[in-house]
Amino acid sequence: MKEARVIAEIGCNHKGDLEIAKEMIQTAKIFCNADIVKFQKRNNIELLTEEQYNTPHPNPINSYGNTYGEHREFLEFDTEQHKALKDYCEEIGIIYSTSVWDLTSAKEITSLNPELIKIPSACNNNFEMLGWLCENYQNEIHVSTGMTTKDEIEELIQFFIKNGRNKDLVVYNCTSGYPVPFEDIGLLDIELLIEKYGSLVKEIGFSGHHLGISVDIAAYTLGATIIERHYTLDRTWKGTDHAASLEPDGLRKLCRNLKAINKALTHKSKDILDIEQVQRDKLKYRK
């Protein structure tokens, strides 16, 4: 079975601090052994109405500004900062990626030519943005399917087929909640995605917002070859995503366990393995 790639989603868990972001990249690479780190890029004026922008954050204790717009702007890195993060990733040997939430952000991140761009569940019906990416960005496009009906997933896949980009598409099983209770994860939908679209797209992935790491192992054994988890240095930090994120030791264990499972997911190469022969000679009942 193909070895899983693990995406450590930093998102906005850097608290708007470039040095924290770099520390998280370094930790994800050196301590956790993750394959990819992922950030987010939003043009808040484009995404939010004037009322939404100027309304206070619904949970003021987690806000970095007097309004929701100010909060979002505080957490936003500009294109040059994203370039610095991408350069740092390349320097230490981990793949940089970003979720884009709007057309402006898609254009800005495409200018950096990352190995992959992610479309979050909230934006997987923004066909203007998806069409622009299909035409102007030539690497992998990853899409989550949280809060998306099966008919909408079908429309999404057919859009990429029509644009000749389905073989660059990675589709993620996802439930949009923070955190998601186990009974709402719907892991068996991975099998449905593989059965219906596995031959049409590049890969099927899993984006989890649950607690612990056991579910991710099950997702891999069901066939998801990319595992994405939110990641933070401290789950008690200020912000809404930290509580549903893995800390470094959790991410390290996830990466370690997925590699172990990959080695174990095989058939025996012969009836009696060499490691068994010694035990067979010593212990097997002799007729």
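Is F127 buried, partly exposed or exposed? I looked up its relative accessible area, found 25%, and noted F127 as partly exposed (buried means under 20%, exposed over 50% and partly exposed in between, with a 1.4 Å probe and protein chains only).

**Before going on.** I am reading a predicted model, in which local features need pLDDT of at least 70 and side-chain atom pairs count only at pLDDT 80 or more, while totals for chains, interfaces and linings use all residues. Residues are numbered from 1 along each chain as its sequence is written, and side-chain values use heavy atoms, with hydrogens and water left out.

**Aromatic rings.** I searched the whole structure and noted four aromatic pairs (rings of Phe, Tyr and Trp, the last by its six-membered ring, pair if their centres lie within 6.5 Å; planes under 30 degrees apart are stacked, over 60 edge-to-face, and the rest tilted). One of them joins Y64 and F74, which are stacked at 5.1 Å centre to centre with 5° between the planes. Y64 sits in the loop between α3 (50–54) and α4 (68–74), whereas F74 belongs to helix α4, 10 residues apart (helices, H or I with at least four residues, and strands, E with at least two, are DSSP runs numbered from the N terminus). F127 and F159 make a tilted pair, with 4.9 Å between the centres and 50° between the planes. Because F127 lies in helix α7 (residues 127–136) and F159 in helix α8 (residues 150–162), this pair ties together parts that are 32 residues apart in sequence. I found F159 buried, at a relative accessible area of 18%, and I wrote down that F127, F159 and F160 form one aromatic cluster.

**Helix α9.** Which residues of helix α9 (residues 189–197) are buried? I listed I190, L193 and Y197.

**Cysteines.** How many disulfides does a search of the whole structure find? I counted zero (a disulfide is a pair of cysteine sulfur atoms within 2.5 Å). The sulfur of C123 has its closest cysteine sulfur in C174, 12 Å away, which is too far for a bond, and C123 counts as buried at 6% relative accessibility. C255 is in no disulfide either, since the nearest cysteine sulfur, that of C32, is 6.3 Å away; at 3% relative accessibility, C255 counts as buried.
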